[in-house]
Amino acid sequence: MTARDAGAARGETVEALEARAPFRFPREMVVGLLLVAVAWQVVSFFVPPFVVPGWERILTTLVTLRLDFVLITLARVAAALAVSFALGLGLAVAMYASAPVERYGRPIVRLFMAVPVVCWILFAVLWFKWVEFRIGFVLVVVCAPVFLVDVLDAMKGVSRDLRDMLRSFRPTGAQFFTKLILPATLPAILTSWKINLSLAIRVVTIAELVGAVTGIGYGLVVAQELFSVAEVFAWTLILVVILFLAEAVLTRVEERLLRWRT
Amino acid sequence: MTAAGAIEVQGVRKVFHQTGSGEAVVAIDHLDFVIPRGQMVAIVGQTGCGKSTFLNMLIGLDRPSAGRIAIGGRTPYDHFDHFRGVLAAVFQQDRLLPWRTAIDNVRLPLELLGRDPREQVERARAWLDRLGLGRFERAYPHELSGGMRQRVALARAFVIEPSLLLADEAFGHLDEVTAAALRATFIDLARSGGNTAILVTHQLEEAIEMGGRVLVFGRPGRLLADIAVGQRPAEQAAGLRADIQQMLQHNAPPTKESLA
């Protein structure tokens, strides 16, 4: 008997059981992913293993990988996202509070967003010696503008009715921000986190390809140099699983913080 | 708490400039009147006669293009913070914060005033109870009906015990039964506190029912009539209603002496 069945037997509703579950993976998603996995395995029967290795080969390789590389990559992503969010939020508040700051700042942000990731990586290699700083720089310069634009647009989108209502009670500047602007912007902040999480995981691996001697990106370089296709797929699988789990965690956080929407 | 003094409106004009074309639109042409402290006033007029614009200027959210609005000698736009805890408004839409429960919405003005958290909860709870929402204090706005949400908005306005109460078409979008009940509650609460209360409405019955003073606005924003309603027999109230309706239709001041 599964936990869900046991809960159902105790008379708990499906909603209550789902709300208690740490993560929620919809049946459709699980079925879709299983179909891809099965198709992959079928293809592996007809093509050489150095093109499409079968699951047994990928999973066997998986256990031989250096898992500390996974933790290092995750730490880099977490630190860079925290810095990016603080920077993006701070600048968004400054631009919201001051029209001239926004008028001068917007084009600069647009310029930053127009530069391809690969160019930022090259700049980082040319400008900075310390590898961790290079990776952090690339992640922050790519993610912070996304946070900034998302949060600023959400702040500006707060309804005039609500702003006037709050102003009629004469809040201080800080109260206006903490009682209205910040909570009203929270859904956009969480969406921005989801977008940036996926962006950061993709960017960090590319950044780690250049110069790093640790992390998943470095692991991928080594696998490519050794022509170990199974290892490349194993690292990819880890990245995908991390992304799915991180998104599931964020979705749970979102459901908890935005329960007033349901 | 500072009490709100008399409201003086002197030669007030408000002009908006349309975005894009820059064309000037006169929302209020000329307003001149005084509302003594503690009076109940209904402002009636057709859509577009500048009722809400006037109220926004009275709240201090906007300033007149010309003339002066003062409460107790101070202009609400320029002395914005002076009116902290002095005035409260109920709007056409409830304007509740959707992420706050009913009690947390009612607590909001007390939080802004920096009151003790325990006091905030006690007072918010007392007002919700008084308005029949005691059982719904933990409900989010989307879980409440339109009438219940508007009652929460009323509680939010009354919780700071303001000396100046403003209601901008606050009951117009509700069904007649709910609107009448809330209107009666609003009038009772305003009277019991001895507050100055201004009710902006386009419904003549609502204005006359208040039993105070009715200011009839014409288009664009000017005073057509200033009527002391008092408690009138039903047939007189019906006559008054017809007279005001005629004024609004012709957008002209009254011709009958009885309204003067």
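Me: How many residues of chain A are in contact with chain B?
Reply: This is a predicted model, in which local features need pLDDT of at least 70, side-chain atom pairs count only at pLDDT 80 or more, and totals for chains, interfaces and linings use all residues. Residues are numbered from 1 along each chain as its sequence is written, chains are lettered from A and ligands numbered from 1 in the order in which they are written. Two residues are in contact if their C-beta atoms, placed from the backbone, lie within 7 Å. Chain B brings 18 residues to this contact, and the number from chain A is 13.

Me: Which helix gives the most to the side of chain B that touches chain A?
Reply: Helices (H or I, at least four residues) and strands (E, at least two) are DSSP runs, numbered from the N terminus. With 4 residues, the one that gives the most to this side of chain B is helix α2 (residues 102–112).

Me: How are α4(B) and α5(B) placed relative to each other, roughly parallel or roughly antiparallel?
Reply: Helix α4 (residues 146–158) and helix α5 (residues 176–192) of chain B pack with their axes 11 Å apart, at an angle of about 10°. Axes are lines fitted to C-alpha atoms, for helices over the stretch in contact, and angles run from 0 to 180 degrees between N-to-C directions. Angles under 35 degrees count as roughly parallel, over 145 as roughly antiparallel, 65 to 115 as roughly perpendicular and the rest as oblique. α4(B) and α5(B) are therefore roughly parallel.

Me: Which element gives the most to the side of domain 1 of chain B that touches domain 2 of chain B?
Reply: Domain bounds come from an automatic or database assignment, which for chain B gives domain 1 (1–86 + 164–254) and domain 2 (96–161). The contact takes 12 residues from domain 1 of chain B and 11 residues from domain 2 of chain B. On the domain 1 side, 5 residues come from the element that gives the most, α5(B).

Me: How many helices does chain A have?
Reply: The secondary structure of chain A includes 0 strands. Its count of helices is 12.
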